[in-house]
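Student: I'd like to go through this one with you and ask where each label comes from. Can we start as soon as it's on the screen?

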Amino acid sequence: MSAGDDSPCSDGGTAILRVGELEPGTSRKFVLTCKDQQLECFVVNYRGTLRAYVNKCRHVPMTMDWVENQFFDESGAYLLCPTHGALYEPEGGECVAGPACGKALFAVPLVERGEDVVALCPDAFE
Ligand code: FES
């Protein structure tokens, strides 16, 4: 077993954070290379739980952070796409209000390996 597998998005994934590094209510962007595509993604700490998604609204495929690295709405309860106001539930990425209702953000699987949080390529991202 290798403790230092930090190769950029091999099958082993990409280390994006240290465990405990991201404070609740905050987010960080990162890039994954999956199937020869560069995917801009983001990870959020929602009430102590990390969730990661492809940074692409399900209404129109635009990035969701008009303001760099700002994904939460003012309440901190939802992820907001400010272009047309879609609100996504942070835990599963489901759109609960706005024009993408019924769709969900493309989830990026996360695993902990030692002190690292590692992102894996999502099954679907288009
Ligand atoms: S592009 Fe996100 S709500 Fe329209």
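Tutor: Start with the contacts: of those in the chain with a separation of 6 or more, 46% are between residues 24 or more positions apart. Contact here means heavy atoms within 4.5 Å. Keep in mind that this is a predicted model, where local features need pLDDT of at least 70, side-chain atom pairs count only at pLDDT 80 or more, and totals for chains, interfaces and linings use all residues. Residues are numbered from 1 along each chain as its sequence is written, and side-chain values use heavy atoms, with hydrogens and water left out.

Student: What makes the chain as compact as a globular protein of that length?

Tutor: First the make-up: the chain has zero helices and ten strands, where helices (H or I, at least four residues) and strands (E, at least two) are DSSP runs numbered from the N terminus. The radius of gyration is 14 Å, close to the 14 Å from the globule rule for 126 residues, so the chain is as compact as a globular protein of that length. That radius is taken over C-alpha atoms, and the rule is 2.2 Å times the number of residues to the power 0.38. The C-alpha trace spans about 45 × 30 × 25 Å along its principal axes.

Student: How do you know that C34 and C121 form a disulfide?

Tutor: The cut-off is a pair of cysteine sulfur atoms within 2.5 Å, and the sulfurs of C34 and C121 are 2.1 Å apart, so they form a disulfide. The pair links distant parts of the chain, 87 residues apart: C34 lies in strand β2 (residues 27-34), and C121 in the segment after β10 (116-119).

Student: Why is the disulfide of C34 and C121 called left-handed?

Tutor: Because the torsion about its S-S bond is about -90 degrees.

Student: Which label do C34, C41 and C57 get, buried or exposed?

Tutor: Buried means under 20% relative accessible area, exposed over 50%, and partly exposed in between (1.4 Å probe, protein chains only). C34 has 1%, so it counts as buried. C41 has 0% and is buried, and C57 is buried at 4%.

Student: What about C121?

Tutor: C121 has a relative accessible area of 30%, so it is partly exposed. Across the chain, 36% of the 126 residues count as buried.

Student: How do you know that β3 and β4 pair?

Tutor: Two strands pair if DSSP finds at least two bridges between them. Strand β3 (residues 37-46) and strand β4 (residues 49-54) run antiparallel and are joined by six bridges, so they pass. V43 has A52 in β4 as its bridge partner. The two strands form a hairpin with two residues between them, and R47 in the turn has a positive phi of about 50 degrees.

Student: How many bridges does β4 have with β8?

Tutor: Two, with strand β8 (residues 107-108), again antiparallel. Y53 stands opposite A107 there.

Student: What makes β1 and β9 edge strands?

Tutor: Their sheet is open, with three antiparallel strands in the order β1-β10-β9. β1 (14-18) and β9 (110-113) each pair on one side only. Between β1 and β10 there are four bridges, and A15 stands opposite V118 in β10.
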